[in-house]
Amino acid sequence: MIKQQLSGELRDIKIPDVLPVLSLFDLVVYPHMTFPLEVTGERALNLVDEAMADERLIGFAMAKKAFTTDELPQFADIHHVGTAVAILKMAKTAENKAQMVLQGISRFEITELIEGKPYLQAKVTALADKEATGIKVEALMANLVNLFDRVVKLSPFLPQEFGILATSIKKPGALADMIATLINAGAQEKQKVLETLDVKKRLEQVTRVVSHQLEILELGNKIQTQVKGDIDKGQREYYLRQQLKAIQEELGEGEDESKVEIEEYRTKIEEIGLPEEAKKEADRELGRLSRMHPSSAEFTVASTYLDWMTTLPWNKSTQDNLDIKKAQKILDDDHYGLEKAKKRVIEYLSVRKLKPDTKGPILCFAGPPGTGKTSLGTSIARSLGRKFIRISLGGVRDEAEIRGHRRTYIGALPGRIIQSLRRAGSNNPVFMLDEIDKLGMDFRGDPSSALLEVLDPEQNFSFSDHYLDVPFDLSHVMFITTANILDTIPPALRDRLEVIELLGYTLDEKVKIAQRYLVPRQIEANGLKTKQLKIAKAALRTIISGYTREAGVRNLEREIANVCRGVASEVAVGEMQSASIGVKDLHKYLGSVRITSEGKARVSKPGVAMGLAWTPTGGELLFIEATSMKGNKELTLTGQLGDVMKESAMAALSFIRSNAKELGINDDFFDTLDLHIHVPAGAIQKDGPSAGVTILTALTSLLTGNPIKKYLAMTGEITLRGVVLPVGGIKEKVLAAHRAGIRTLILPKWNMKDIEDIPEKTRKEISFHFVDEMMDVLKIALRKK
């Protein structure tokens, strides 16, 4: 252990201009420091001998790298600031070694090396400390002493006396050197302290080094305390387990009960006929369980895993109802319309009847809310004679919801797929994954990527849940997904789905659905009897057209429920025994008509045209209004329009200006006019290319003064050359136009194929005009003044 001493006898020794220099790697010597040193090698011994014969002074400068005893460092190989030391004692041993006791005197700087000696000799300049005084220096000294005292108390290698010694040193430079000598720091850090002549900066530098060392010691002490606590806790638990074992043996409990449980697991594993890989894993886990003590935490983890393995329906399945006519009747009884979906289910049943080992389809019912997507899944399960499972994927962001957690986590469980199959008790249910278009994604993973394996018939026969860690066959499951929008489903996942669109219902279809399902269901739900309430067909049509505007029937059922509750409250207080609701009675229960047909009134003036828009909840009417005023070639667009709609408006104006003569408009009309196009409602954002035809028609109507025909709507994208391009969402738009009472529709010629899926009655009630040129649109839409 190096020991600090302050020797008054050596304090005033003058450093000569030339010193023999001893350069050792990773050793820094400070002034006032007393320490023993053993040197070997011919060069070092020659240096010591000549120093002893002279003034017994040598210089110490730290080498930048390690050298052998035969190598002589160069000027660039050593640090130039070192310490002059005096040899207090020296003794040679028989092994060609010299043992010395040395004491540091003062700092020096090497200016150049002198050749001619077998050892290192240099010209040096003595360096003096730049003293500092004041209250800040005193504060630095007090803080450094306090930190060093804490280090001494925490360090097992520093005697407690060093803390007392530090308090007795009054000179700031000596204090910094003494603590830098004793602290456990790197050689480079110590060399920086040695080279710092400003005493105040030296105190600050040593304070940083001591603070860092204190943090290390405190953290090590904390870790040691924690480890000791864990060991003590483990010993205590072991002692208590041994006591519990002894008590259980006295009572005849514990081990015998666990043995019975293990035998039960073994019997179940043999009886349920697990697949080979699953049986191998179950047997391995059972072997681990048999070697565990029942009171250990691992025992519970292993037994929970075996519970899952032995209760899953590995080979249990329900028998399909292969009576095609019966299945068709069930589907027709439960749902009106939806012919495409019903046809696909019947096709699957027919194929399964001919080929029993066929794989289950992966269907996706896509359409606006309230069109019967979820309830259709229940009917399909009933028609097939299978169990029905439904889980909602809306807002799911964690991949573990699908694949489960690994057993390394506390409280780990299988994913929702495996959990639902255990609840169903069969491996071939109808499994509905609701709201697949609303899956999320975050740092916990991407659930849609996990579903790629689940919803792929070529892969899901060996679905691997993280918790089970063995393949489970999902190929017998009939998966059905639902979505409002297909665009938000990742392309790879969408590629695995067979999409069946449920676009919405016509007025007549809604009336049928209300009469067959909605009215009877709400009569029963509100405590009435069938004889106590009758709603006329005309009243239902008024509710549909005057109180709701939707693709589905969800709001329609709410309005019917309002009527039923109103009647039920009157029956309950004895005001009536039964009611027959006609059109005139609706105001009493539902209030004033909320939705009126504004098409006739709004297009009666030039500059107003009706377009059609697609939304996630179905089609909607879109009014385009245009007006003009005196000005200078300015086009104003309002109504929260997106970039695509703005570009359509500019393209429409350019087409009109380039074809002004043919349209009967002055060539210079725009020189003295400002045009303003507005799309109500202004609070709703709008975008898309399908309004191009409507904007152009509205502008032409305004500039020619010819109004647009009543009950006429249109949709289509335009080009600068006047070509009408196809657009999407035609089915939803046509149904929305029919609901609004539109009698004439102008559609792009390339969209003619989309009309086939429109109900025949709707097609008969609307006059369709298919065009591919903008001039044709204007001829059909505008009426002469």
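**Close-up 1. Residues of helix H9 that meet helix H14.** In this predicted model, Asp307, Trp308 and Thr311 in H9 meet Ile418, Gln419 and Arg422 in H14. Sorted by class, the contact of H9 with H14 has 2 nonpolar, 2 polar and 2 charged residues. Helix H9 covers residues 297-311 and helix H14 covers residues 416-424, and the two pack with their axes 10 Å apart at an angle of about 60 degrees. That angle makes H9 oblique to H14, because an angle has to be under 35 degrees to count as roughly parallel and has to lie from 65 to 115 degrees to count as roughly perpendicular.

**Close-up 2. Packing of helix H10 with helix H12.** Helix H10, made of residues 324-334, packs with helix H12, made of residues 373-384, at an angle of about 155 degrees, and their axes are 8 Å apart. H10 is therefore roughly antiparallel to H12, a term that applies to angles over 145 degrees. From H10, the residues that make the contact are Ala327, Ile330, Leu331 and Asp334, while H12 contributes Ser379, Ile380, Arg382 and Ser383. Divided by class, the residues of the contact of H10 with H12 are 4 nonpolar, 2 polar and 2 charged. The crossing of H10 and H12 is right-handed.

Close-up 3. Ala91 is found in strand S5, which comprises residues 81-93. With a relative accessible area of 39%, Ala91 is classed as partly exposed, because this class lies between buried, under 20%, and exposed, over 50%. When residues up to four places away in sequence are not counted, Ala91 touches Lys97, Ala98 and Gln99. A separation of 113 Å lies between the C-alpha atom of Ala91 and that of Arg594, a residue 503 places away along the chain.

**Close-up 4. Cysteines Cys364 and Cys564.** Are Cys364 and Cys564 buried or exposed? Cys364 has a relative accessible area of 0% and is therefore buried, since the class takes in values under 20%. Cys564 likewise counts as buried, at 0% relative accessibility. How many disulfides does a search of the whole structure find? The search returns 0 disulfides, where such a bond would need a pair of cysteine sulfur atoms within 2.5 Å.

Methods
Residues numbered from 1 in each chain as written. Predicted model: local features only at pLDDT ≥ 70, side-chain atom pairs only at ≥ 80, totals over all residues. Heavy atoms only, no water. Buried < 20%, exposed > 50% of the residue type's maximum accessible area, 1.4 Å probe, protein only. Axes fitted to C-alpha atoms, helices over the stretch in contact; angles between N-to-C directions. Helix = DSSP H or I, 4+ residues; strand = E, 2+ residues; numbered from the N terminus. Contact = heavy atoms within 4.5 Å. Nonpolar A, V, L, I, M, F, W, Y, C, P; charged D, E, K, R; others polar. Left-handed = near helix turned anticlockwise from the far one by under 90°.
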